[in-house]
Amino acid sequence: MKKGNIVLIVVFCLMLFGCAAATFVLPAKEFSVAENRELQKKPKFTGKKWKKGTYQKQYESYLNDQFFLRDGWVRLAVGMQALLGQKDINGVYLGKDGYLLEKPVKADFDEEQTEDNVGYLSHFLNEAADIYGKEHVSCMMIPSKAQVLTNYLPNFAKVPNQDKTLDSLKSRLSHPKMLLDMSSELQKHQQEYIYYRTDHHWTTLGACYAYAAWAKATGQAVPHEPEYYQREIAFTDFYGTTYNKVPVNVPADQVELFHSPGDADIQVVMDEGETTADSMYFKKAASEGFNRYNVFFSKNTFQIEVNTKARTGKSLLLIKDSFANCFAPFLTEAYERILMVDYRYGKAPIGRILGQHKEITDVLVLFNTEKFMQNTKLSKLADTEKRGQTLEEFRMEDFLE
């Protein structure tokens, strides 16, 4: 027995030190396809960072992200914790009926960044209301899954309230009714399939209910119930980013498309004209990776133009994050052109975009509330001075990020 224990200890130590050595020898990975996020790079040491403790935290994250065979170790650890009955694993609640709900914690949010973002967004909305009229400008804040699906949370689960951020934003708006909080609307339907079980995004059904609520509140489009649309199940094997944090045995998600007459004769332009398509749905691209949600526009990028046959004389500027990707198809009957802008991937000042697109008649901002609070790239949204692009202002990174 003693010899057996010694052998096990030796094997464990060899595996541990071997993995540690491989971590330092092998080149660092920049991106995790499974988790759909950038991995922590090796931080640069400075005395200031050391004193504040940020260097130590960044280095710990670096080791966690770059550890050799990390995904395999994560699966093993998660499986053992689930067998022991734990309901809070790796920042995710194991909810009822197979729902995996990301657990927001205070450490994930920088109060100063949130305050800055509230300032950037409120300035833009107020300026847009002055330019286009208050009735043509709206902002939808989409709550995260744990905020809505409270019936699916474990009994002990605690979810921070985001009302403080929304109240702060509303208080700074010249016309507070521009802000639409979708929490109560979505909570009415929480027994329905409005968020994916294994991913942080809402489903197309959830987006449909939000679209109808937005249309009623703004009068900018005709609200339709789900029965209006021809529904198509595009995929039945979707395991999203939340699942990749806690790969436990839960049912796969299905991804559904809602078709309307507005789907016909669509033209999509992306990547400064390098990518064009006649549909907003990219089934082939979505089937090639793990992220089936990429069926909507195939990816996130700085600017996407959607041209329709609506003949309404209206064009929409849609400031967005990825939650808008499955929402945009609902807008195709109301607008001849939809210009989608995602500031996580570009830096061009919004004023320049407004100056270049004289056809804009309406503005909609659609963000997930948590992602909005964490966004570090919204400063150009506050730069609303209209102007054209000059040679001196041109920066290649505006389009490459």
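Analyst: A residue is called buried under 20% relative accessible area, exposed over 50%, and partly exposed in between, using a 1.4 Å probe and protein chains only. The model is predicted: local features need pLDDT of at least 70, side-chain atom pairs count only at pLDDT 80 or more, and totals for chains, interfaces and linings use all residues. Residues are numbered from 1 along each chain as its sequence is written, and side-chain values use heavy atoms, with hydrogens and water left out.

User: Why is Arg172 called partly exposed?

Analyst: Arg172 has a relative accessibility of 32%, so it counts as partly exposed. Its salt-bridge partner Glu115 has 39% and is therefore partly exposed.

User: What makes the pair of Arg172 and Glu115 a salt bridge?

Analyst: A salt bridge requires a side-chain nitrogen of Lys or Arg within 4 Å of a carboxyl oxygen of Asp or Glu. The N to O distance between Arg172 and Glu115 is 2.0 Å, and the pair meets in a salt bridge. Arg172 lies in the loop between α7 (163-171) and β7 (179-181), Glu115 in helix α5 (residues 111-132), and the two are 57 residues apart. Helices (H or I, at least four residues) and strands (E, at least two) are DSSP runs, numbered from the N terminus. By the salt-bridge rule the count is 13.

User: How do you know that Glu102 and Lys245 form a salt bridge?

Analyst: Their side chains meet at 3.4 Å, N to O, and the rule asks for a value within 4 Å. Glu102 belongs to strand β5 (residues 100-102) and Lys245 to helix α10 (residues 241-245), 143 residues apart. Lys245 has a relative accessible area of 25%, so it is partly exposed.

User: What makes the contact between Thr242 and Glu102 a polar contact?

Analyst: A polar contact is a pair of N or O atoms within 3.5 Å; within protein, one must be able to donate a hydrogen and the other to accept it, and residues adjacent in sequence count only if both atoms are side-chain atoms. The side chains of Thr242 and Glu102 make such a contact at 3.4 Å. Thr242 is in helix α10 and has a relative accessible area of 0%, so it is buried.

User: What makes a set of residues a nonpolar core?

Analyst: The term denotes buried Ala, Val, Leu, Ile, Met, Phe, Trp, Tyr and Cys residues joined through side-chain atoms within 4.5 Å. The largest such core has 64 residues, and those with the most contacts inside it include Met140, Trp202 and Leu318. Helix α9 (residues 204-218) gives the most to this core, with nine residues.

User: Why are Glu272 and Arg311 called exposed?

Analyst: Glu272 has a relative accessibility of 56%, so it counts as exposed. Arg311 has 61% and is therefore exposed. Glu272 lies in the loop between β10 (267-270) and β11 (275-277), and Arg311 in the loop between β12 (303-307) and β13 (315-320). Glu272 has a positive phi of about 55° although it is not a glycine, and Arg311 likewise has a positive phi of about 55° without being a glycine.
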